[in-house]
Amino acid sequence: MSVTAAQGFTAAGIAAGIKANGNPDLALVVNNGPRLAAAGVFTSNRVKAAPVRWSEQVLRGGTVSAVVLNSGGANACTGPKGFQDTHATAEKVAEVLGGEHNAGEIAVASTGLIGVLLPMDKLLPGIEAAAAALSADGGEDAAVAIKTTDTVHKTATVSQGGWTVGGMAKGAGMLAPGLATMLVVLTTDADLDSATLDKALRDATRTTFDRVDSDGCMSTNDTVLLLASGASGQVPAYEAFADAVRTVCDDLARQLIGDAEGASKDIRIEVVGAASEQDAVEVGRSIARNNLLKCAIHGEDPNWGRVLSAIGTTKAAFDPDRLGVAINGVWVCRNGSVGEDRDLVSMKDREVRITADLSAGSESAVIWANDLTAEYVHENSAYSS
């Protein structure tokens, strides 16, 4: 599983002392080639963390030989010193790996509290320790080391035709479009160039990570990277490769929602009958972000009126008198009015399925969200402590 499932990659996860609780907090993933192709997508938040700004520059070259990731501190909103620390981190990785590694091909990712400088006196020696621990079996340790409020580490793989796509992710809160407050590293041993990786990654994230909307909050640190080693010697057809990447991304995105902070329900919102995919996504996001509905879902109340209210705030094409809403398969609203008996809806299971029919076309989209709980409020009110 994870980022070392594909040939040509080693990884490690260690406790460098960045986290006060002593848990693992530093991960290193190394591409041993022969190809060092890479692609990446990042947060669309205009306030970007120093490692995001650094890695965006690195990815312009389409080559990444290693990724270093830390939890326990986001290194966001830390000014020039924060960017200098990111640069120093990449330089240290290049130094300890030796050979032909250089800082301009080292991606850096961080996650944790915003507005706090990283303890470089712990991080830099930690890089040395992580490099010494690199292993082809180190993917699970790396996935554990990037957790913050995650309760479980998250990994996924797909193998076919002699090549593999693997990945790890972290994220449990601040999940909203523009990715999520997440770090994701995907690896493949397929022999593909950076342009192909970029297309496959963007195609995949558009309908997976970008449609996870747990709480409507967008992070400063979102990073999703895809690295190719070419170690299998296989050059798969684009369609097969893109499907594998999307499958891994979808698996990881679903795990992110399933581990969202304080959540007791996972909400699958499917908008059908839309005039365009854009309309379907806009409506799905509006439903996902309606706090009154999220509270109702937590209370197992099939309050379909709140779904219609959320739809009505959008610019999507629809006739209010033709709207339909189903909750867990029961069409509680038909033609903008009362449908089947709401008492027929069972909401005891963790997953709640909402279908919104706009009756305006043939396009559709799925958005994943969560309910709003007292546990979510507590966890985020006490996060910095």
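Start by selecting Val29, which sits in strand β2 (residues 26-31); helices (H or I, at least four residues) and strands (E, at least two) are DSSP runs, numbered from the N terminus. This is a predicted model, where local features need pLDDT of at least 70 and side-chain atom pairs count only at pLDDT 80 or more, while totals for chains, interfaces and linings use all residues. Residues are numbered from 1 along each chain as its sequence is written, and side-chain values use heavy atoms, with hydrogens and water left out.

Is Val29 buried or exposed? Its relative accessibility is 0%, so Val29 counts as buried (buried is under 20% relative accessible area, exposed over 50%, partly exposed in between, with a 1.4 Å probe and protein chains only). Now show what touches Val29: leaving aside neighbours within four places in sequence, its contacts include Val3, Phe9, Ser65, Leu69 and Met168 (contact means heavy atoms within 4.5 Å).

Next, slide along to Pro34, in the loop between β2 and β3 (37-42). Look at the peptide bond from Gly33 to Pro34: it is cis, with omega near 20°. Most residues other than glycine have a negative phi, and most peptide bonds are trans.

For a positive phi, jump to Glu300, where the angle is near 60°. Glu300 lies in the loop between α8 and α9, and it counts as partly exposed because its relative accessibility is 30%. Ser359 is another stop of this kind: its phi is positive as well, near 50°. You'll find Ser359 in the loop between β14 and β15 (363-370), partly exposed with a relative accessible area of 24%.

Now select helix α9 (residues 304-311) and colour its buried residues: Trp304, Val307, Leu308, Ala310 and Ile311. Look down the axis of α9 and these residues fall within an arc of 160°, so they line one face of the helix (the arc is that of the directions from the helix axis to the C-beta atoms). What covers them? Show α7 (277-288), α8 (291-298) and β14 (351-357), which are among the elements that do.

Finally, zoom out. The protein has ten helices and 15 strands, and its C-alpha trace spans about 70 × 50 × 35 Å along the principal axes. Buried residues make up 54% of the 385 residues.
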